[in-house]
Amino acid sequence: MLATIELHSGKRNDFLDEFHKIVAPVRAESGCIEYFPATDHATNLPAQSPARADTVVVVEKWESIEHLEAHLIAPHMMSYRPRVKDFVKSVSLQILSPA
C-alpha cells in the first residue's frame, strides 16, 4: 500500500517528527511486513516528476487486508491522527497487489 500525504506548506518536518514516533509501534503490529515514510528525491531523470516538498509517501506492506484494517484502528494510530491533523492537507491510498 502507498499512502500519499499532502501537507500544508512548510509542515513536512513537523509531520515527520510525529510520524517517526509511531514507526516502531506499527512495525510491532501483527501482520506488518514493511512500514516507512519516504520523500521525493530530486534527480535529473527525464521521466521523473518534479520533487514535491510538501508530500510524504508511506510505504506499507501487510500480510492481509484484515491486518491493514486492524492497523487503521490501532490505539497508537488513533492518538497519532489528532497530533498531525493540522499539518495534513489530504491523504490518498493505493492498495496494490502483486502482478
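Biologist: Which residues have the most contacts inside the largest nonpolar core?

Modeller: The model is a predicted one. In it, the largest nonpolar core has 22 residues, and Phe15, Phe19 and Tyr35 have the most contacts inside it. Strand 1, helix 1, strand 2, strand 3 and helix 3 (75-84) each supply at least two residues of this core. The largest share, 6 residues, comes from helix 1.

Biologist: What is phenylalanine 19 in contact with, leaving aside its neighbours within four places in sequence?

Modeller: Phenylalanine 19 is in contact with Tyr35, Pro37, Val58 and Tyr80, once those neighbours are left aside.

Biologist: Why is the pair of phenylalanine 15 and tyrosine 80 called edge-to-face?

Modeller: By the rule for aromatic rings, the count comes to 4 aromatic pairs. The ring centres of phenylalanine 15 and tyrosine 80 are 6.4 Å apart, and the cut-off for a pair is within 6.5 Å. Their planes stand at 65°, and planes over 60 degrees apart count as edge-to-face. The pair is therefore edge-to-face.

Biologist: Where do these two residues lie, and are they buried or exposed?

Modeller: Phenylalanine 15 is in helix 1 and tyrosine 80 is in helix 3, 65 residues apart, and the pair thus links distant parts of the chain. Both residues are buried. Phe15, Phe19, Tyr35 and Tyr80 form one aromatic cluster.

Biologist: Why does glutamate 18 count as buried?

Modeller: Glutamate 18 is found in helix 1. Its relative accessibility is 14%, and buried means under 20%. Glutamate 18 therefore counts as buried.

Biologist: What makes a polar contact with the side chain of glutamate 18?

Modeller: The side chain of arginine 83 does, at 2.6 Å; the cut-off for such a contact is within 3.5 Å. Leaving aside neighbours within four places in sequence, glutamate 18 is in contact with Tyr80, Arg83, Val84 and Phe87.

Biologist: In what order do the strands form the open sheet?

Modeller: The 4 strands follow the order 2-3-1-4, and the pairing is antiparallel. Strand 2 (32-38) and strand 4 (88-94) are the edge strands, as each pairs on one side only. On average, neighbouring strands of this sheet are turned by 15° against each other, direction ignored.

Biologist: How do you know that strand 2 and strand 3 pair?

Modeller: Two strands pair if there are at least two bridges between them. Strand 2 and strand 3 (residues 55-62) have 6 bridges, in the antiparallel sense. In strand 3, lysine 61 is the bridge partner of glutamate 34.

Biologist: How many bridges join strand 1 to strand 3, and over how many does strand 1 pair with strand 4?

Modeller: Strand 1 and strand 3 run antiparallel and are joined by 5 bridges; leucine 2 stands opposite valine 59 in strand 3. Strand 1 and strand 4 pair over 6 bridges, also in the antiparallel sense, and leucine 7 stands opposite valine 88 in strand 4.

Biologist: Which residues of strand 1 are on the covered face, and which on the uncovered one?

Modeller: Ala3, Ile5 and Leu7 are on the covered face, whereas Leu2, Thr4 and Glu6 are on the uncovered one. In a regular strand the side chains alternate between the two faces of the sheet.

Key. Residues numbered from 1 in each chain as written. Predicted model: local features only at pLDDT ≥ 70, side-chain atom pairs only at ≥ 80, totals over all residues. Heavy atoms only, no water. Axes fitted to C-alpha atoms, helices over the stretch in contact; angles between N-to-C directions. Core = buried A, V, L, I, M, F, W, Y, C linked by side-chain atoms within 4.5 Å. Buried < 20%, exposed > 50% of the residue type's maximum accessible area, 1.4 Å probe, protein only. Contact = heavy atoms within 4.5 Å. Polar contact = N/O pair within 3.5 Å; in protein donor to acceptor, adjacent residues only side chain to side chain. Phe/Tyr/Trp six-rings, centres within 6.5 Å; stacked < 30°, edge-to-face > 60°.
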